[in-house]
Amino acid sequence: MSQSEGKAPLNSRWMGFGLAALILGADQASKIWVVDHLMADGWRVIEVLPFFNLVMTWNPGVSFGMFGDGAIHPWMFLGFAAVLAAALGVWLWRSSSRVLHIGLGLMIGGALGNGIDRARWGAVADFLDVHAFGWHFWAFNVADASISIGALLLIFDSLFRRPS
């Protein structure tokens, strides 16, 4: 099928996988820096901006701490992340949309990053704290942000892509 028939060029697909690798690397590097160096002497709050802090929290579950009661072994979370990343990878490869390639790449890198945390530490390292007017959002990390942005791109693509 040629590009004019609705398929994105091959390099666009590889860009999605490259983005996944970039996100995975940035996520793991940032977590190693925070866990092993910045917060190595214990938990603390580091104010970066009036609305942004660095903190050290551990999430043993999934989004918002769900399933964090220990009933599910961390290696099962890693297995789920690997299966999810593989499924998203197949979707990325079959997709003809550059927006989907970017969104899925972000989600793959984020899923693998958080999965590695669960295998390494038994929980996900969260350290980015955004707050306003005394209310703190949930602490998150590079992987979480990438997954969220990727999901928004998938929604955007489904709402606004014109059928070919």
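Select Lys 31 and Asp 27. Their side chains meet in a salt bridge, with N and O 2.8 Å apart. The term salt bridge here asks for a side-chain nitrogen of Lys or Arg within 4 Å of a carboxyl oxygen of Asp or Glu. This is a predicted model, in which local features need pLDDT of at least 70 and side-chain atom pairs count only at pLDDT 80 or more, while totals for chains, interfaces and linings use all residues. Residues are numbered from 1 along each chain as its sequence is written, and side-chain values use heavy atoms, without hydrogens and water.

**Stop 1**

Helices are DSSP runs of H or I with at least four residues, strands are runs of E with at least two, and both are numbered from the N terminus.

Which residue forms a salt bridge with Asp 117? Lys 31 does, and the closest N and O atoms are 2.7 Å apart. Lys 31 belongs to helix α1 and Asp 117 to helix α3, so this pair ties together parts that are 86 residues apart in sequence.

Are Lys 31 and Asp 117 buried or exposed? Both are buried. Asp 27 is buried too. (Buried is under 20% relative accessible area, exposed is over 50%, and partly exposed is in between, with a 1.4 Å probe and protein chains only.)

**Stop 2: Ala 125**

Next, select Ala 125 in strand β3. Ala 125 counts as buried because its relative accessible area is 0%. Show its neighbours: leaving out residues up to four places away in sequence, Ala 125 touches Lys 31, Val 35, Met 56, Thr 57, Trp 58, Asp 117 and Asn 141. Then draw a line from Ala 125 to Ile 32. Their C-alpha atoms are 9.3 Å apart, while 93 residues separate them in sequence.

**Stop 3: another salt bridge**

The structure holds 3 salt bridges. Arg 44 has 33% relative accessibility and so counts as partly exposed. Asp 41 is exposed, at 63%.

**Stop 4: where α3 meets α4**

Colour α3, residues 98–121, and α4, residues 142–160. How do their axes cross? They come within 7 Å and cross at roughly 150°. (Axes are lines fitted to C-alpha atoms, for helices over the stretch in contact; angles run from 0 to 180 degrees between N-to-C directions.) The two helices are therefore roughly antiparallel, a label for angles over 145 degrees. Among the residues that make the contact, pick Leu 100, Gly 103, Met 107 and Asn 114 on α3, and Ala 143, Ile 147, Gly 150 and Phe 156 on α4. Contact means heavy atoms within 4.5 Å.

Select Ile 155, also in α4. Ile 155 is partly exposed, with a relative accessible area of 46%.

Arg 98 lies in α3. Arg 98 is partly exposed, at 43%. From its C-alpha atom to that of Met 15 is 9.0 Å, though they are 83 residues apart along the chain.

**Stop 5: Phe 133**

Go to the loop between β3 (124–132) and β4 (135–136) and select Phe 133. Its phi is positive, about 55°, although Phe 133 is not a glycine. Most residues other than glycine have a negative phi. Phe 133 is exposed, with a relative accessible area of 90%.

**Last stop: the whole chain**

Zoom out. The chain has 4 helices and 4 strands. From the N terminus on, they run α-β-β-α-α-β-β-α. Of the 164 residues, 37% are buried. Among contacts with a separation of 6 or more, 67% join residues 24 or more positions apart.

Finally, colour by pLDDT, the predictor's confidence in each residue from 0 to 100. The chain mean is 85, and 83% of residues reach 70 or more. Over residues 1–5 the pLDDT is below 50, and this stretch has 4 contacts in the model beyond near neighbours in sequence.

Key. Angles under 35 degrees count as roughly parallel, over 145 as roughly antiparallel, 65 to 115 as roughly perpendicular and the rest as oblique.
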